[in-house]
Amino acid sequence: MSLCLGVLSLLILLTRTQGFGILPGDSLNHLEITERALLNVTVQVCHDLAAAEGADFTFPLKPFTAEGVAVACGAPKSSKSFRQAITFITLRNIRVDLRHALNASFHFDEEMFVQGRKIISEGIEAIKASNVQENYEAARQKLGEICHPLQDFYSHSNWVELGNKFPNSNLLRSDVNIGNIADESRATCSSCDGDDCRNNILEDIIEEKILTSGYFGVVPLTSTKPKGKCSHGGAVDQTSIIDPKGGINKDTFGSSHGHLHTEAANMAIAATSALLEDIRKAAGDRAFLQMMGLSKGSSKALCFVVDTTTSMSDDIEAVRNVISFIINSEEGTENEPAAYVLVPFNDPEFGPLIKTTDPKVIKTVVDSLSITGGGDEEELSLSGLQLALRGAPSNSEIFLFTDAPAKDKHLKNTVMALIERTQTVINFMISGSTLTNRRRRRDDSQPKHSRITAEDTQLYRELSQASGGQTVEVTKSELPVAIDIISDTLNSSVVTLLQAARNPGKDDVFPFVVDETIRNPTVYITGRSVTFTLISPTGESQQSTDTTGSLITSSRSVGNLQTLQLEQLVGLWEMKMVSTHPYTLKIIGQSPIDFLFDFVEESQGPFEGFDALDTRLRAGVNGSLLVSLTGSATATVTEVALVESWGSEEIKGVVDPQGSGNFLVHVDRIPSVEFVVRLMGRDDSFDSRASIFFQRQTPTNFRSSNLTITADSYSILVPTELFSVPFSVTTHSRGGNFTVRATNNRHFSSTFPTSLFLKTGETANGTVTLSAPRNTPSGTDVTLTIEVEAPGGEDTNYVMLRFTVINRITDFTQPECELLTLQSNCSESCSLSTWTVFVRVHDGAQGTGVDHVRLRMGNGTMITNPAADNANVTMVFYSSSCCSPDMELLVADKIGNVGTCYYTFRESSPAAFSMSTRVTQTTLLCLSIVVGAHILTELGF
């Protein structure tokens with residue numbers, strides 16, 4: 001529970017003030033509290049799912065880890081995306097301290113209980129609505145943001161001092177009383193006895209159960225508080241030296257009320273767990289796991305962007321076939337995508353985006369694609385690609401099929417920005433280039449006009465290279481072979497060992513390491529007139545013209561693509577490339593060990609810390625990365641370097657271990673050209689073998705800028721209401737008129753300045769205003785991209801923000817269950833007798849209606865149907881063997897209010913009954929006890 005004393009960083013707080021730190025210590029912080037709650041609840045969800053399906057479940061070893069929980073949940077291939085989701089949520093939590101350090105509402109300071117609860121309750125609405133729309137990234141963002149004030153409540157208020165043993169469940173609802181809040185004029189504290197603040201809350205406040213929290217200010221001489229009020233406390237809090245002196249926060253063991261730190265931390269974990277349980281009930285177990293990045297197959301989405309213009313009439317059937325081939329080859333396997341996305345494009349139209357988790361649905365849509373439009377050489381390929389990048393989850397894989405150049409080349413910078421932010425891999429399959437048509441004329445002796453020139457193809461090459469994908473130029477007949485080769489990269493265990501490009505082509509040497517965990521090491525080369533010499537760790541070599549060597553076990557070529565399967569030899573390899581033409585080189589393998597990272601920057605606010613960037617790094621100055629290893633609890637980072645994508649220069653960083661597989665990396669200079677991140681590491685106990693040394697690289701290429709853009713705004717957008725996003729731009733290069741573009745994925749109407757005039761080193765401000773139409777559904781995610789281009793187009797930068805649309809809510813009541821009948825013929829032989837329940841579920845006259853009813857407990861059969869006379873009523877019939885005498889329903893309305901109804905037929909029970917409130921409290925009690933005991937055990941208490 002960091003609290004606004006010393007603002008935290010993304011994973012590391014380097015503050016000189018008091019507050020939660022990330023460095024190892026006894027005190028618990030926001031990151032640890034959030035991660036433990038996420039892991040604990042996820043384990044419980046997977047356990048309950050297994051029980052419902054009659055499957056065995058083995059609890060992972062404690063302390064829980066992302067890798068261990070993913071394996072226990074039967075989703076080992078999702079361990080990286082699970083770790084990524086946890087990291088994203090925890091860092092969004094910590095960001096609150098950096099972005100809203102002095103906003104009392106986000107920390108429940110200064111008795112801002114109503115305002116703080118509003119942040120939480122509105123956030124819950126947004127999370128539930130986002131999950132309904134399957135916008136899981138938006139749900140994670142908001143979850144992290146509201147976990148922070150929820151956890152701060154227990155450290156900053158006197159809830160623990162009042163003797164409460166359970167979390168305040170009323171913080172999750174906006175229609176109930178939080179507690180007996182102190183009047184503005186009522187004194188709440190006395191001065192501490194020196195450094196002893198254990199009894200500084202007034203006795204009458206404790207006796208009357210009055211709720212209060214500390215005041216906080218950082219400005220000497222001007223910070224103040226009402227007479228008699230408590231302070232937050234700590235060296236940086238200037239109000240703590242005003243009578244009554246001292247404070248009441250429980251942030252650390254060294255805080256004013258540090259003797260209650262453990263109780264407050266355990267309460268925060270239980271409260272976070274209760275929040276997650278509420279979200280789980282509304283979403284359902286499978287959707288909750290998807291929000292957490294867990295799925296039975298691959299965590300990636302598979303996307304197809306297809307040119308449907310008339311010129312593709314000869315190729316569209318081949319495209320349909322290869323898409324079906326990709327889907328069929330992955331369906332039902334451990335690599336089955338978490339989602340499928342299709343975006344058609346032609347001219348003058350593109351879209352719509354179709355997104356589904358059902359492979360049959362996407363195949364049906366692909367089969368129904370019709371050829372239309374076109375008429376000129378160029379098509380809206382980048383518009384279709386932009387739509388896919390904005391609509392698909394991050395880390396997806398996109399295949400774009402076309403035979404035409406891009407008509408919308410002006411979108412190149414926007415697409416580049418989306419590639420960097422989503423880290424999605426794009427493969428262009430081109431069937432109309434100069435190269436392929438030259439081969440067509442040779443093959444069939446028929447002249448065919450080339451629609452794509454070498455210059456046009458270069459645009460696609462640059463985009464694919466930036467994403468870590470391939471641009472493959474093939475004929476229609478070659479398309480299936482090319483897809484078969486590239487589809488090997490869809491395995492969710494694929495890691496990149498090396499990726500490079502040279503344009504213009506030149507001779508170069510590329511070293512790479514194959515470690516003991518790597519399986520199926522594979523080389524991909526695109527280009528023409530390329531030769532190479534491969535040198536193994538033993539010194540043995542094989543040239544591209546040698547088909548009988550022992551280093552390459554198999555090779556295939558199609559179009560401009562060549563692939564090599566390497567012998568499984570551990571150690572340092574070299575690839576010597578020879579060509580005067582442009583070429584790309586990519587080397588991959590399959591391994592559980594990989595890494596995640598964020599670019600971070602030092603906070604410019606009142607406290608020291610680091611914040612994740614939503615924009616490009618500044619070129620030519622120092623910078624930092626936050627790196628996390630995945631797939632091994634014993635691996636460590638030995639080197640991180642920023643390597644030029646089109647050259648050989650590299651800038652190595654200083655690695656600062658932070659524990660728990662996290663590392664902060666500082667580099668002296670950010671490259672001014674396109675670059676990738678390369679990591680070297682060591683694992684001393686992988687599979688109980690000797691130390692292994694590994695190399696990994698990001699497939700995504702990154703760019704820096706001499707422009708700095710900052711923007712921030714409240715992340716909930718209400719239909720028809722004007723929504724403002726202030727932003728600022730600073731140039732560190734020459735000044736002039738800078739072009740501004742603001743786009744959003746929903747095409748909502750917006751206004752913004754189209755240009756800003758800046759002098760070198762100066763900052764200019766602007767505002768983007770958005771308005772969502774009245775009929776926009778709750779849970780719609782909005783991605784706003786603000787781009788700024790320097791005079792002459794010599795430099796660009798962007799900032800990307802995500803918002804959620806929420807309609808005003810007036811329904812705060814959970815659905816109710818009305819028992820109509822309960823019958824049984826139970827006897828001593830329970831397996832030969834049954835009991836039945838007939839229930840009417842309704843949401844009241846003013847409710848939004850019943851959305852779904854699920855069986856939370858029970859081994860019987862449930863049948864649900866809408867009532868014949870009322871669409872807002874659901875009739876539920878349940879039948880079970882008398883050997884299973886208990887059942888529980890989970891009922892939710894259309895905005896996520898959730899109730900539970902419990903029924904039993906036992907001889908000792910006088911009647912069946914519904915106990916929504918009691919079940920909720922029991923869940924909270926169990927979470928509090930189990931999680932609290934877990935924390936105390938780990939801390940040695």
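Predicted model: local features only at pLDDT ≥ 70, side-chain atom pairs only at ≥ 80, totals over all residues.
Student: What makes strand β24 and β25 count as a pair?

Tutor: Strand β24, residues 654-659, and β25 run in the antiparallel sense and share 5 bridges; since at least two bridges are required, they count as paired.

Student: Which other strand pairs with β25, and over how many bridges?

Tutor: Strand β21, residues 623-630, pairs with β25 in the antiparallel sense over 6 bridges, and Leu 625 has Val 665 in β25 as its bridge partner.

Student: Why is strand β25 called largely enclosed?

Tutor: Of the 6 residues in β25 (residues 662-667), 5 are buried, so the rest of the structure largely encloses this strand. The cut-off behind the word buried is a relative accessible area under 20%.

Student: What is the phi of Ser 660 in the hairpin of β24 and β25?

Tutor: Ser 660 takes a positive phi near 60 degrees, in a hairpin that has 2 residues between its strands. Most residues other than glycine have a negative phi.

Student: How do you know whether Glu 111 is buried or exposed?

Tutor: The relative accessibility of Glu 111 is 12%, and a value under 20% means buried, so Glu 111 counts as buried. Glu 111 lies in the loop between α3 and α4, and has a positive phi near 60 degrees although Glu 111 is not a glycine.

Student: Why is Lys 209 placed in its accessibility class?

Tutor: The relative accessible area of Lys 209 is 47%, which falls between the limits of 20% and 50%, so Lys 209 is partly exposed. Lys 209 sits in the loop between α6 and β2, and its phi is positive, about 55 degrees.

Student: What class does His 747 fall into, buried or exposed?

Tutor: His 747 has 60% relative accessibility; exposed means over 50%, so His 747 counts as exposed. His 747 belongs to the loop between β32 and β33, and its C-alpha atom is separated by 9.2 Å from that of Ala 772, 25 residues apart along the chain.

Student: Why do β23 and β27 stand at the edges of their sheet?

Tutor: The open sheet has 4 strands, in the order β23-β22-β26-β27, with antiparallel pairing. β23 and β27 each have a single partner strand, so one side of each is left without a neighbour in the sheet. From one strand to the next the twist averages 25 degrees.

Student: How do you know that the reach of helix α5 is close to the expected span?

Tutor: Helix α5 has 21 residues, and its first and last C-alpha atoms lie 30 Å apart, which is close to the 30 Å expected at 1.5 Å a residue. α5 is also mostly covered, with 21 of its 21 residues buried.

Student: What confidence does the predictor give the protein?

Tutor: The mean pLDDT is 87, and 90% of the residues reach 70 or more. Among the elements, helix α16 (residues 916-939) has the lowest mean pLDDT, 36, whereas strand β2 (residues 210-211) has the highest, 98. Over residues 1-24 the pLDDT stays under 50, and the model has 110 contacts beyond four places in sequence for this stretch.

Terms used. Residues numbered from 1 in each chain as written. Heavy atoms only, no water. Expected span 1.5 Å × (residues − 1). Buried < 20%, exposed > 50% of the residue type's maximum accessible area, 1.4 Å probe, protein only. Axes fitted to C-alpha atoms, helices over the stretch in contact; angles between N-to-C directions. pLDDT = per-residue confidence, 0-100. Contact = heavy atoms within 4.5 Å.
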